[in-house]
Amino acid sequence: MRWRRVLVALMLVALAAAAGAGLARSAGDRGRPDPVRAVAAELRCPACQGESVADSRSPIAVAMRQVVADQLAQGRDRDEIRRWFVQRYGADVLTDPPDRGVRLLLWGVPALALLAGAYAAVRTLRPRAGRARPAAPRTPGARATRRAWRVASVGVVGLVASVAVVTYRLDPPARPAPADPVAVALQLAHDLETQDRYDAAAQMYQEALRERPDDAVRLRLAFALLRSGDSDGAQRTAREVLGREPNSPDGLLVLGLAQRTSQPVEAERSLRRFLAVAPAHPAAAEIRRLLSPDPAPNGR
Amino acid sequence: MRRPTLRRPGWLRAWPATVLALTLAVGALVAVGLRAPAASEPGGTPSVAGAPAPALSGTTLDGGRFALAEARGQVVLVNVFASWCGPCRDELPLLVDTERSWSPRGLRVVGLNIRDGVDAVRALLDETGATGLTVVPDPDGTRAVEWGVRGVPETFVVDRDGRLVDRRQGVVTRQWLEQRIAPLLAG
């Protein structure tokens, strides 16, 4: 008899732990130290379907996040900001509009189902007090019912536990994907380059660099500047990279190409260094062709 | 010995009924839930008629100044656009054309250029022949949010008394302009 109690206690502990884990997971967002995200997560992006302002990449959602940040900085609290948005976008802008009517049922039905299940369990497992004789529950039929209940309980605990474990596994990769402004800026810059809008692309690269200084991005910026006709800017950017990494092939390539208009001698030196450093570079053949018809000043 | 076995079928018979009732309840709930958002969709846009228009003022793209408050007495079309928005490109010529022909009757068109670059929007204005358009840049999009903008393009109509009287999500058409703007100009 004792081991059964222990089993029941263990089951309850397991259920409580799973429920606690679930609660902690859903409350996790609010506990984060990012108040802008917390407010934005409760606003629905008006330009998208089923996405919150915190998760959406649409320009309107980005602007709405900015408004939330501005208003928080001005010292407004969550409710004031929500009211501000409801005035402009209507109550639908909230991801959790106040519960009424049918939405209350959504909470009521599961609670009712749980209560009904518990009542049925009590009825089956505990014979009525008036008929409680030690021999009564020992009938084979009653034993089978008890076994069925136990198996079902273990099944439910197993289901809850496995869902908890699986969601922990599934969630992390989905998180970091949405809001990376640098990745968005780089993608935008790349798209602009394919449309031959190199000065706009250069602006996006500069924006990305402000967020995350990175030499690979700096080289893309140098290329974009070169193609937009700003050879001074391209030279300056390439030299910044070469200052840290003197043999960067792309750095030498941009520097050399940028120097061609104003300093042909230095340009040739830079491009020859580029060929020496990276003879197999995709641009190497083109550069060789560029240098060969020109009678080299240092002779052969 | 027989009693418990007799009693069990009795309440076991009630069990399927309970399950059935619960299933029906959940099914009805889901059905109602699925219908609910569709029903509330048309009312999703808050009605704007008559409310005072939000403030809009600032330096324009060509260095001038624009203030909506100073445009009282004129009907103002505020067109929210961006160079990265294809449909905006299509509607700009119509808006410019409308302003040209209706400005003697008191129409003003203002472009609110959201989250855009100066060079990109200049190029767009050049391409669409809209260089004369008054454009107020909104680089971070916060002014547009103040207007309750849901997407681009979107066009707001402010009457001669500075009240927001109409809005249109998506591209404006000549027919819409004639139905909604012409009466305001006549009045």
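The model is predicted, and local features need pLDDT of at least 70, side-chain atom pairs count only at pLDDT 80 or more, and totals for chains, interfaces and linings use all residues. Residues are numbered from 1 along each chain as its sequence is written, while chains are lettered from A and ligands numbered from 1 in the order in which they are written.

Next select residues 75-81 and 154-158 of chain B, strands β4 and β7, which pair (DSSP finds at least two bridges between paired strands) in the antiparallel sense over 5 bridges; within this pair, B:V78 stands opposite B:F156.

Move to chain A and select helices (DSSP runs of H or I of at least four residues) α8, residues 198-211, and α9, residues 215-227, which pack at an angle of about 155° with their axes 8 Å apart. The axes are lines fitted to C-alpha atoms over the stretch in contact, and angles run from 0 to 180 degrees between N-to-C directions. That makes α8(A) roughly antiparallel to α9(A), a term for angles over 145 degrees.

Finally, show the contact between the chains (C-beta atoms, placed from the backbone, within 7 Å), which takes 31 residues from chain A and 31 residues from chain B.

Definitions and conventions
Parallel < 35°, antiparallel > 145°, perpendicular 65-115°, else oblique. Contact = placed C-beta atoms within 7 Å.
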